[in-house]
Amino acid sequence: MADVLLSIKGLKTNFYTYTGVVKALDGIDLDIYKGETIGLVGETGCGKSVTALSIIRLIQWPPGKIDEGSITFDGKDLLKLPLRDMQKIRGNNISMIFQEPMNAFNPVYTIGDQIAEVIMLHQKKKKKEAWQDAIEMLKFTGIPAPERVAKSYPHELSGGMLQRSMIAMALSCKPKLLIADEPTTALDVTIEAQILDLMKGLKTTTGASILLITHDLGIIAEMCDRVGVMYAGNIVELADVGSIYKKPSHPYTVGLICAIPTLDTKHCNRLATIPGNVPNLIYPPPGCRFHPRCNKAMDRCSKEKPGWYKVGEGHYVSCFLYEGGDKK
Amino acid sequence: METIAKKQSFINRWMEKNDSRIKEWRHSVRLFFKSPLAVIGLIIVIGFILVAIFAPMLAPYPLNWRDFALQNAAPSDAHLLGNEIYGGDIFSMIIWGSRTSLLIGFFVVFVCVTLGTLVGVIAAYYGGWVDEALMRVTDIFLAFPYLVLCMVIVAALGSGLMNVMIAMAIVSWPSYARLIRGQVLSIKERNYIEAARSVGASDWRIMTRHILPNSFSPIIVQSTMDLGSIMITAAALSFIGMGAGPGEAEWGRMITDGQSQLLNAPWISTFPGLAILIVCLGFNLFGDGLRDILDPKMRR
């Protein structure tokens with residue numbers, strides 16, 4: 001197996017709200033290898049973005065707080081680093097692409113200013129050099145007329161252009177890990193395809209690992225090497241992209257994949273759904289958080305939290321149905 | 001000849017480089033000049049500042065000039081607006097008084113904006129108990145009637161223009177802190193602030209480079225409009241005998257001095273009063289115009 005770049009162990013992030021403690025992440029374990037693209041899928045509110053924000057420690061206190069766990073990167077536990085060191089890592093070693101590029105730029109500065117700012121922040125470069133680098137990065141992301149774009153203000157550019165600029169900014173310091181939090185959700189389908197192509201291309205040229213967060217299984221299939229399926233603050237299944245589609249094992253994953261409409265679905269058949277609602281994470285169900293909605297639930301599911309069981313090469317499931325397999 | 005050509009080409013290059021900025025600027029300026037009231041405001045404000053700066057050249061009589069033979073004299077050719085109770089030339093005194101008003105206005109606004117920004121940004125940005133503590137302090141200040149608190153502070157410090165300015169700055173800054181805090185509270189939740197944090201910007205950098213420039217336009221408007229009301233308050237304090245002494249060229253003081261002669265020499269109080277009215281109106285109209293161009297939501 002390739003080298004581990006970043007390793008998350010037992011990460012628990014809670015939000016202390018007036019109505020109660022929202023247990024947003026319930027002990028996440030995840031390894032990200034060098035040079036791979038790993039996807040996280042799950043429905044809204046299952047903790048995908050919280051995982052991403054926890055990695056670069058952008059969970060705002062109050063109300064959010066990382067209570068337990070460790071995130072090891074480059075031999076250091078990010079959760080124990082002083083803020084100043086963390087700021088050196090952000091944007092430099094780990095950088096992030098946000099969901100809505102339209103809001104992710106400061107409206108009072110030009111794109112070039114903002115990319116140059118990141119470069120000056122992390123590399124000891126003069127304004128002029130940084131500006132040149134910024135234009136270079138914009139060119140790298142396939143933006144036509146990068147000089148003009150660098151001088152534009154965010155409101156003068158389209159969403160697709162801004163997302164390209166955002167990617168240019170994120171990659172400007174050659175990070176080892178790029179976190180993309182639903183990078184294409186706010187864009188239309190043709191632009192989405194272009195941005196995904198761009199990210200794929202950039203990955204091969206820069207060798208950065210990508211943590212791709214999305215709720216679109218199609219994007220996962222196209223982009224990722226491995227994928228983690230999240231449900232209510234847990235990763236419930238972790239596998240290669242091929243095996244998750246061929247052999248979905250966790251009942252939730254099975255439900256998700258059945259819920260994808262296909263062309264040969266008979267018109268009289270209703271689209272398969274998972275019964276029930278996402279649990280309120282202030283009062284999460286005991287044991288396996290999926291058991292109230294699971295059609296294969298057993299008695300013990302409501303009492304104990306399942307561990308990790310191996311069902312295939314690099315394919316792990318957190319469900320008692322597979323207890324017979326090897327433990328991870 | 002050659003140097004002019006060089007300069008011209010430099011200007012051309014600069015304009016090409018900053019094309020979008022210039023367009024935006026032109027658009028704003030055009031928008032501003034579309035409103036006749038804003039233009040009137042601008043003219044008054046500029047006129048007022050010019051008068052204050054060039055007072056020694058404009059005033060027909062020197063500062064503190066007096067002719068006791070002309071006490072309460074009616075307007076005449078030599079004294080356009082008449083003479084006040086000590087025989088000073090009212091026209092000259094209004095011109096000299098514009099300096100005092102301008103000084104008070106800018107000093108108080110400057111102190112308020114600085115202090116208010118500092119407190120407001122820190123309170124909003126750090127939130128929690130810092131916010132709670134700082135905002136309770138501003139509440140205490142805001143709970144007192146504005147003029148009464150001013151008077152208390154001047155009474156404690158002793159009268160005089162400097163003390164009036166200090167008192168007004170102390171009383172006025174909390175509303176600025178509130179305004180800035182409200183702005184920062186909404187701006188710090190914007191995505192680009194999180195994005196700035198995600199590229200490793202420090203708190204200080206985020207506050208000064210990302211939050212402040214985005215929260216400043218209401219402050220510009222507020223301070224422009226406040227300039228007028230601060231001058232009024234200063235005049236009011238002088239009117240009740242705090243601030244400028246008897247016979248000084250200060251608009252509020254001139255009104256007080258003329259009060260006793262209101263029936264037989266109404267010009268003594270009227271003309272300084274008109275000066276206050278016009279200048280205050282000018283700043284308000286100008287502020288309104290500024291708000292229209294600085295607030296994109298008000299644009300049509």
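Guide: The following conversation sets values against definitions.

Guide: This is a predicted model, in which local features need pLDDT of at least 70 and side-chain atom pairs count only at pLDDT 80 or more, while totals for chains, interfaces and linings use all residues. Residues are numbered from 1 along each chain as its sequence is written, chains are lettered from A and ligands numbered from 1 in the order in which they are written, and side-chain values use heavy atoms, with hydrogens and water left out.

Visitor: What does the secondary structure of chain B come to?

Guide: Chain B has 13 helices and zero strands. Helices are DSSP runs of H or I with at least four residues, strands are runs of E with at least two, and both are numbered from the N terminus. The C-alpha atoms of chain B fill a box of roughly 75 × 65 × 35 Å along the principal axes.

Visitor: Why is A:S165 called buried?

Guide: A residue is buried when its relative accessible area is under 20%, exposed when that area is over 50%, and partly exposed in between, using a 1.4 Å probe and protein chains only. The relative accessible area of A:S165 is 0%, so A:S165 is buried. A:S165 belongs to helix 6 (residues 159-171) of chain A. Leaving aside residues up to four places away in sequence, A:S165 touches A:F105, A:I111, A:I115, A:L138, A:I143, A:V149 and A:L157; touching, or contact, means heavy atoms within 4.5 Å.

Visitor: Is A:G75 called buried or exposed, and why?

Guide: The relative accessible area of A:G75 is 71%, and therefore A:G75 counts as exposed. A:G75 is found in the loop between strand 5 (64-73) and strand 6 (76-77) of chain A.

Visitor: Why is helix 12 of chain B described as largely enclosed?

Guide: Helix 12 (residues 251-259) of chain B has eight of its nine residues buried, so the rest of the structure largely encloses it. The buried residues of helix 12 pack against helix 3, helix 5 (90-126), helix 11 (217-239) and helix 13 (267-294) of chain B.

Visitor: What caps the N-terminal end of helix 12 of chain B?

Guide: B:E250 does, with a side-chain oxygen 2.9 Å from the backbone nitrogen of B:G252.

Visitor: How many residues of helix 1 of chain A are buried?

Guide: In helix 1 (residues 48-55) of chain A, seven of the eight residues are buried, including A:V50 and A:L53. Just after helix 1, A:R57 takes a positive phi of about 55°.

Visitor: Which residues form the nonpolar patch on the surface of chain B?

Guide: The patch consists of B:I46, B:L50, B:I53, B:F54, B:M57 and B:L58, with about 580 Å² of accessible area together. Helix 3 (36-53) and helix 4 (55-58) of chain B each give two or more residues to the patch, and helix 3 has the largest share, three residues.

Guide: Patch residues have over 30% relative accessible area and no salt bridge; like charges are joined within 9 Å and nonpolar side chains (Val, Leu, Ile, Met, Phe, Trp, Tyr) within 5 Å. Accessible areas come from the Shrake-Rupley method with a 1.4 Å probe, and for residues only the protein chains shown count as cover. B:L50 has 41% relative accessibility and is therefore partly exposed.

Visitor: How do you know that B:R209 and A:E117 form a salt bridge?

Guide: A salt bridge requires a side-chain nitrogen of Lys or Arg within 4 Å of a carboxyl oxygen of Asp or Glu. The closest N and O atoms of B:R209 and A:E117 are 3.5 Å apart, and the pair forms a salt bridge. Across the interface of chain A and chain B the rule finds two salt bridges.

Visitor: What is the buried area between chain A and chain B?

Guide: The two chains bury about 2,200 Å² between them, 52% of it on carbon and sulfur atoms. Buried area is the accessible area (1.4 Å probe) that two parts lose on being put together, summed over both. In this interface, 29 residues of chain A are in contact with 19 residues of chain B.

How values were computed: Polar contact = N/O pair within 3.5 Å; in protein donor to acceptor, adjacent residues only side chain to side chain.
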